[in-house]
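The account below goes through a predicted model.

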Amino acid sequence: MRQWARLIGACLGLVVAAPALANSQVQTPDEYAASLARLQALDTRVHNSGWRLAHGNAPFCADTRPAIGLLIQDIMGYNRPGQARAALAMSTDFAVQAVARGSPAQRAGLTANQPILAIGGVKLSGLVDSAKTTYLRLITVEAALQSSLGTNGAAERSVVGRPDT
C-alpha cells in the first residue's frame with residue numbers, strides 16, 4: 001500500500017510540476033540582466049524594511065549587535081554565475097547587493113555591485129577557499145564582516161575595494 005501511495009504522490013508531483021517546466025524558457029542575456037535587476041531591487045526593498053525594523057527596535061532589545069546596513073552577494077550563488085557576472089558587471093566573486101537607506105554603509109558611499117575584496121584586511125578569496133558549499137561561502141564572508149565591526153558599528157576601511165587596487 002505504501003508503494004502505491006508513493007507512486008501516486010510522485011505522479012501527482014509530476015503533473016503539478018509539468019506546466020511550470022513546459023512554460024520555462026531560456027532567457028536572453030538582456031532578459032537575464034533585467035531579471036537580476038528586478039531581484040536586486042526587491043532585495044533592496046526588503047533590506048530597507050529590515051533595516052528600519054531592526055534599527056528602530058534596537059533600543060527595546062537587551063542584546064544587540066552592531067550593523068552597517070550592508071547586504072552582500074556572492075556571484076557563485078546565482079544559477080548562472082558567468083552570465084550573472086556579466087549582467088551585473090561584477091569583476092569579483094563578492095559585491096554589495098544592497099545598502100539600506102540611512103545606514104552607515106550608505107553614509108560611507110557604498111553602492112550596489114561595488115566589489116568587496118577584503119574584510120578586516122583579509123582577502124575574501126582565501127577566506128572562502130575551504131567553504132564546501134555556496135551558502136557557506138556567503139555565511140563565512142558575513143561572519144567576517146560582523147566580526148570586523150566595532151562596538152559602534154564602524155567597519156574597517158578595507159571592507160570594500162576596487163579590483164584594480
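**Helix 6 and its surroundings**

Helix 6 is made up of 15 residues, and the distance from its first C-alpha to its last is 22 Å, close to the 21 Å expected at 1.5 Å a residue. Its buried residues are Arg137, Val141, Ala144, Leu145 and Ser148. Viewed down the axis of helix 6, these buried residues lie within an arc of 100 degrees, so they line one face of the helix. Tyr135 and Ser147, on the other side of helix 6, are exposed.

What do the buried residues of helix 6 pack against? Their partners are strand 1, strand 2, strand 3 (118-119) and helix 5 (124-127).

Strand 1 covers residues 70-74, and four of its five residues are buried, so this strand is largely enclosed by the rest of the structure. Strand 1 runs antiparallel to strand 2 (residues 94-99), and five bridges join the two. In this pairing, Leu71 has Ala98 of strand 2 as its bridge partner.

The nonpolar cores come next. The largest one has 16 residues, and Leu70, Ile72, Phe94, Ile116, Ile119 and Val141 have the most contacts inside it. Strand 1, strand 2 and helix 6 (134-148) are the elements that give two or more residues to this core. In soluble globular proteins, nonpolar side chains tend to be buried together.

Note on methods
Residues numbered from 1 in each chain as written. Predicted model: local features only at pLDDT ≥ 70, side-chain atom pairs only at ≥ 80, totals over all residues. Heavy atoms only, no water. Buried < 20%, exposed > 50% of the residue type's maximum accessible area, 1.4 Å probe, protein only. Pairing = 2+ DSSP bridges. Core = buried A, V, L, I, M, F, W, Y, C linked by side-chain atoms within 4.5 Å. Expected span 1.5 Å × (residues − 1). Arc of directions from axis to C-beta. Contact = heavy atoms within 4.5 Å.
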